[in-house]
Amino acid sequence: MLYGIAAAAATLLLSALLTGVLRVPALRLGITDRRRRRPLPLSGGTAVALATVLVAAGADAAGLLPLGAGVGRMVVAAGCVALLGLAADLRRLRWWVTPAGTAVAAAFVVPYGETGVAAGVAAVGWIVVATAAFRALDHADGLAGTVGAVGAFGAAACATAEPMDGLAALLGVLAAALAGFLLHNWFPARAGLGAAGALFTGFVLASSAVFVRAAQGIGAGVAVLYALAAIGCADAALVVLGRRLDRRAVTRGRPDHLGHRLRRLGLAPRAVPVLLGAGSAGGALVAVCVHTGRLSPAAAWWVAAVAAVLVLVLVRRPVTPVFRPRQRVASASSQVSERLRVRSG
């Protein structure tokens with residue numbers, strides 16, 4: 001326990017330090033969020049991945065927090081996924097590249113001996129979907145870090161109940177790394193997570209859930225996996241449904257995620273991650289109770305019902321950007337200037 005607390009504290013400090021130190025190199029290399037009006041360096045993703053891997057691998061090598069062969073293989077695969085995400089941050093990749101790379105990494109992680117071949121293939125598909133859904137949560141300040149940290153605590157509680165001490169230690173280190181990153185990412189953000197950090201975090205969370213539920217009941221396993229990823233699944237369902245109703249391509253990005261639509265309802269920027277983080281905590285609590293047998297797998301249907309109501313309420317909300325008063329004036333002025341320039345031309 002003492003070693004785990006020390007590792008978490010070291011990871012939090014290292015992640016916060018690296019996020020700040022890597023801001024300047026990220027700006028110079030052009031590793032910034034392309035969706036924002038001002039350049040936001042995506043130094044948080046590299047910081048979270050490095051801090052998690054360095055502390056976990058160091059503690060394992062020193063014999064303080066032994067991870068085990070399976071968890072060690074997961075850390076290596078997650079590092080490869082983070083490198084793929086870093087490539088996506090540096091330049092635009094085709095939409096299928098990151099899911100394909102995630103599937104290859106997941107294929108080397110799933111414990112087929114415990115799941116069986118058919119369930120193992122399904123687990124690979126789930127890891128790909130859950131990782132992509134978590135990446136999509138990186139659209140609002142503080143959101144991905146908050147949901148990721150809560151999910152890591154929930155998965156760690158499930159791992160502790162097995163017990164899987166090595167996996168629980170890795171998830172605790174990941175939660176601490178995300179907490180250190182949030183010191184820079186809370187609104188107004190000074191650093192972002194980016195594809196590198198989002199893919200790394202989503203992959204570790206999804207793979208850990210598969211490890212925890214391997215060789216156990218399928219019905220309860222599906223309930224636990226879904227409850228841990230309920231917010232990401234709700235966001236993905238909202239985006240897909242909204243774009244299909246608007247007859248738009250699903251793979252074409254626009255501001256139509258959960259955070260964007262909640263802002264259109266009038267929520268403050270800091271309230272969005274708090275609200276969705278609370279929802280993630282509720283799903284994690286249900287997952288832990290189902291995993292430990294305190295609730296039946298049917299409890300996940302309540303989580304699904306709440307998510308469905310949220311999606312149906314928000315799917316028809318406008319998705320135009322939310323401007324502050326000064327931004328509205330600046331935007332209107334730029335439109336007038338553009339019209340005058342076109343007329344004079």
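Pro-188 lies in the loop between H9 and H10, where helices (H or I, at least four residues) are DSSP runs numbered from the N terminus, and a cis peptide bond with omega of about -5° joins Phe-187 and Pro-188. The model is a predicted one, in which local features need pLDDT of at least 70 and side-chain atom pairs count only at pLDDT 80 or more, whereas totals for chains, interfaces and linings use all residues. Residues are numbered from 1 along each chain as its sequence is written, and side-chain values use heavy atoms, with hydrogens and water left out.

A cis peptide bond also runs from Glu-162 to Pro-163, with omega near 5°, and Pro-163 is placed in the loop between H8 and helix H9 (165-185). In the loop between H12 and helix H13 (258-264) lies Arg-247, a residue other than glycine whose phi is positive, near 60°. Most residues other than glycine have a negative phi, and most peptide bonds are trans.

A search of the whole structure finds two cavities of 30 Å³ or more, a cavity being a set of points, on a 1 Å grid over the protein atoms alone, where a 1.4 Å probe fits but cannot get out, with lining residues having an atom within 4 Å of a point. The largest cavity has a volume of about 240 Å³, and its lining comprises 21 residues, of which Ala-130, Phe-134, Leu-205, Leu-228 and Ala-229 lie nearest its centre. At least two lining residues are supplied by each of H7 (117-136), H8 (143-160), H10 (194-213), H11 (218-228) and H12 (230-245). By class, this lining of the largest cavity has 16 nonpolar, five polar and no charged residues, with Ala, Val, Leu, Ile, Met, Phe, Trp, Tyr, Cys and Pro counted as nonpolar, Asp, Glu, Lys and Arg as charged, and the others, Gly among them, as polar. The second largest cavity holds about 40 Å³ of space, and its lining divides into four nonpolar, three polar and four charged residues, including Asp-33, Arg-35, Arg-36 and Asp-138.

H12 packs with helix H15 (residues 299-314) at an angle of about 35°, the axes lying 10 Å apart; axes are lines fitted to C-alpha atoms over the stretch in contact, and angles run from 0 to 180 degrees between N-to-C directions. The contact (heavy atoms within 4.5 Å) is made by Ala-230, Ala-234, Ala-237, Leu-238 and Leu-241 of H12 and by Val-303, Ala-307, Val-311 and Leu-314 of H15.

The protein chain averages a pLDDT of 91, pLDDT being the predictor's confidence in each residue, from 0 to 100. Over residues 322-336, however, pLDDT stays under 50.

Technical notes. On a 1 Å grid over the protein atoms alone, a cavity is a set of points where a 1.4 Å probe fits but cannot get out, and a pocket is an open set with protein on both sides within 12 Å along at least five of seven lines; lining residues have an atom within 4 Å of a point. Grid points are joined across faces, edges and corners, and a volume is the space filled by probe spheres set on the points.
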